[in-house]
Amino acid sequence: MWELDSWIQALGVTVVAAPALLLAVLGLLSLLGRLKSEQTVGRIVQVGVVIGLLASLALLGLMLATGRRQIEFGLGHWVSIPHYDFWIKFEFDRLNVPFALLTFILCGTISAFATRYMHRESGYVRFFVLFALFQLGMIVTSLACTIETLFAGWEMVGLSSALLVAFFQERPAPVRNGLRVWIVYRVSDAALLMASVVVHHLTGSGDFDNFLGRAAWPEGHGSLEGSSALLVGLLLLLAAAGKSALIPFCGWLPRAMEGPTPSSAVFYGALSVHLGAFLLLRVSPILDVSPPLCVVIVVLGLATALFASLAGRVQTDIKSALSFASLTQVGLIVAEIGLGFRYIALIHIIGHACLRTLQFVRAPTLLRDYNTIENAIGDRLPPGAVLLPRRFSDRVAAWFYRLALERGYFDAILTDWLVRPFVCIFQWCETLERRWTDFLTGGPARDLELPQSPTRTLDDLL
Amino acid sequence: MSDLHFPWLELSILIPMIGAVFVNRLRDPVQARTWSVVASGLTLMSAFAAWEDFGLLNAKEADDAWHLLSRIFGREVFVIDQLSAPLLPLTALLYTLTIFTTLRTKIRRFSFPWTLVSEAITLATLSCKLPWLVIALLAASTIPPFLELRARGRSTRVYALHMGLFVGLLVVGGAFVTTEGERVHSLLAVVPLLAAVCVRSGMFPFHCWMTDLFEKSTFGTAILTTVPIAGAYAAIRLVLPIAPGWVLQSIGVISLVTAVYAAGMALIQKEGRRFFCYLFLSHSALVLSGLEMVTSIGLTGALCVWLSMILSLGGFGLTLRALEARRGRLSLIDFQGLYPHTPTLAVCFALTGLASVGFPGTAGFVGGELLVDGAVETYPHFGIAVVIAAALNGIAVVQAYFRLFMGKIHVSTVDLSIGRRERIAVLTLIALLLLGGLYPQFIVESRHHAAEELLEQRAALGNGDAPSHEP
């Protein structure tokens, strides 16, 4: 007869192994060209998601039945050499059980939706392979018990998101937008990696217990203090800002809507966009010991909410409007975290994710819904009510309108102040190198030149 | 010193040499390719057997069985140790796959005999620890690409100038080291050797020969000349044991600058080969920076990244080469939209490219983490350069993927799909990358042992402390 701990270990491993196996099976079969039938793909995905969901529900049941608030299970030392340990360790607690369940439920729902929505799309299999990568990334990130494991999941989510934004690959716009999303995600990844290294140096390992305390979430007490906590916290905030599209990285979110609707729904309406907030919740003991960090988080959250609310009002397509509505809520959630309302933020994430997923999957049929309603009532729908009385002059209102329409100029600022100087500097270096090799060769060094197209540089492609 | 059970090392050098002589006599290029594959395949088996045999001995270092060359030269010429054991089969694998995937359309341009000669020289270099022999072999390794450039009628000046400088600096440094004997060596001995390593590894500002080589030689030769990173081996055998820590760390900063610079340059490239060259330069600089950290973690990270680089950038290069064989020089200015024509090649491109930047689940992931850890420990202010370089390289890889495979509908009247040979080669590399990523302990542990041995050698020569062994 198995002991309780053995059951817990087996269920825990199943929760992580199910999405990993799903990815392995889909990836391998598609790479070998053996995955042709849509029906087979759909069934494999369903089985993978259902197994993971059932295992996490069983684990939740065990936690409730035994009154345990925190369960850790490890797959052992992945790498262990003197002075360096890489544990693969996962944890179930009050924060990540809801998040893992949310992931499985929404991924299951959306995959069922997508099997029909993506019917006869040329990239049907590719969609589900990337979807499986995303699901694995989400589960690894949400259950991670060390910062390195979290980082691994974080990168998987980023890659799958960028590739799904560029899913409709025969057009240049989705590909450009996918690249922009990827660039922001790489900045976010770099910040998280730096945070991981700093934590490793300060505490000797990346284990959450070491720097967030051993107590169950949210009662842990961070071992980092003062400037260390602020430094790590700011790096994590930068990582969260990139992932959750907070200011100044908010430009990528509406661009991400170029992807297929099912992936937009589950990524940018529900799960991926909340991952930054999840990270802040996960490291909330650090926030408790650093009031200045909390202030920065609250300000960033509120500013994002305010801006997104403004920008969302002038959008002319439903998916962009929904993305800004999403961002407004994410900003509020981040502010709640900064203010110390951990449970409220968690409930807000779950409620918002479910609502927004529903709205996204209904978005393609919105016009049809309106037509049905109007046909039923036999008249046009009444115009939307003005929520706030007009308090600004026309000039100020026009300024706000333009600001919202240009999405806060954040994209333009990042392009003009970061991308363009970067490209100019390296193009200048390229010119110098060319002159140097010409000089060494005693004539033109490059005997084969590609057709020059001065208007198409990196920033044009962005 | 322990002995292997068979002269595997000498065999793995002799087989390609004999193969080169035999293939050189063949007139039919298809036959030449077939026999080259056989010769390099046998070399691969021999190198792999040497690794396995060495593993069974559980020794720090082992000589070939029967001591054939030792009897002639009076000392051990070719030895295998923790550092070189996995490098030998991986390098042999890269040569085998490059020869194996050379398409019919390219077999007249790609010199199989010289490739086999180059393989023999590279494997001999990796099996050698005698300073002057290492110098001689490194000098000899510069000849086959030179001859190819000449045979193709391309300018050899940039390559010859840099390689001349490289060999000259090696000889000067080696002469000073020999003159100064066993005592702690002066900067007159260390600096020329270090500069030689910088030239061979393409550190800024000595990197132009590499871009020039990639543009003018065949892609296969360029890959084989650069990807095994002979400069890193020279650094380990010639410089690391004798250079003071502060000199190494100063050069380490230059390597970090090169890593970021090359990553930035990779991002703005408009042509496939140059893009690959800068991507390689950035990674090679990261490896060199790790070697120059002279800490256990940094060295282990660098050695891990070195191995994963041979697999990942080797595979990435072969994928680009396969694309180039179909489309000619690859433009990165416009979108090419090749995915629907060759989805497997696209997936291989993405996987090998992402593996090269240490994506989770691939062999480079843990090595990258160790490298970042070591860099931040050694260079608190410059360590972030590793993270920046990794981030930029990641962007460059995905950008190239998008431009080559997406963005438009490409109409082609010819079949562009991946061939059987290419599929086997790239899938082999991908399988090894994923295996190394899912079970990294074996490689990391072996690299850690190699790093500890290198640090012990340094300590024995009065440079730095011996590594501590407590957990």
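Helices (H or I, at least four residues) and strands (E, at least two) are DSSP runs, numbered from the N terminus. On that count, chain B comes out with 20 helices and 3 strands. The radius of gyration of chain B (taken over C-alpha atoms) is 21 Å, close to the 23 Å from the globule rule for 471 residues, so chain B is as compact as a globular protein of that length. The rule itself is 2.2 Å times the number of residues to the power 0.38.

A word on the model: this is a predicted one, where local features need pLDDT of at least 70 and side-chain atom pairs count only at pLDDT 80 or more, while totals for chains, interfaces and linings use all residues. Residues are numbered from 1 along each chain as its sequence is written, with chains lettered from A and ligands numbered from 1 in the order in which they are written.

Along the principal axes, the C-alpha atoms of chain B fill a box of roughly 70 × 55 × 45 Å. Buried residues (20 or more other C-beta atoms within 10 Å of their own, with C-beta atoms placed from the backbone) make up 64% of the 471 residues.

The three strands of chain B form an open sheet, ordered β1-β2-β3, with mixed pairing; strands count as paired if DSSP finds at least two bridges between them. β1 (2-3) and β3 (79-81) of chain B sit at the edges with a single partner strand each, so one side of each has no neighbour in the sheet. Strand β2 (residues 61-63) of chain B pairs with β3(B) in the antiparallel sense over 3 bridges, and B:E61 has B:D81 as its bridge partner in β3(B).

Contact here requires C-beta atoms, placed from the backbone, within 7 Å, and it takes 21 residues from domain 1 of chain B and 19 residues from domain 2 of chain B. On the domain 1 side, α4 (84-100) and α5 (112-126) of chain B are the elements that give two or more residues, and α5(B) gives the most, with 9 residues.

As for the two chains, 50 residues of chain A are in contact with 54 residues of chain B. The largest share of the chain A side, 15 residues, comes from α6(A).

Definitions and conventions:
Buried ≥ 20, exposed ≤ 12 C-beta atoms within 10 Å, placed from the backbone.
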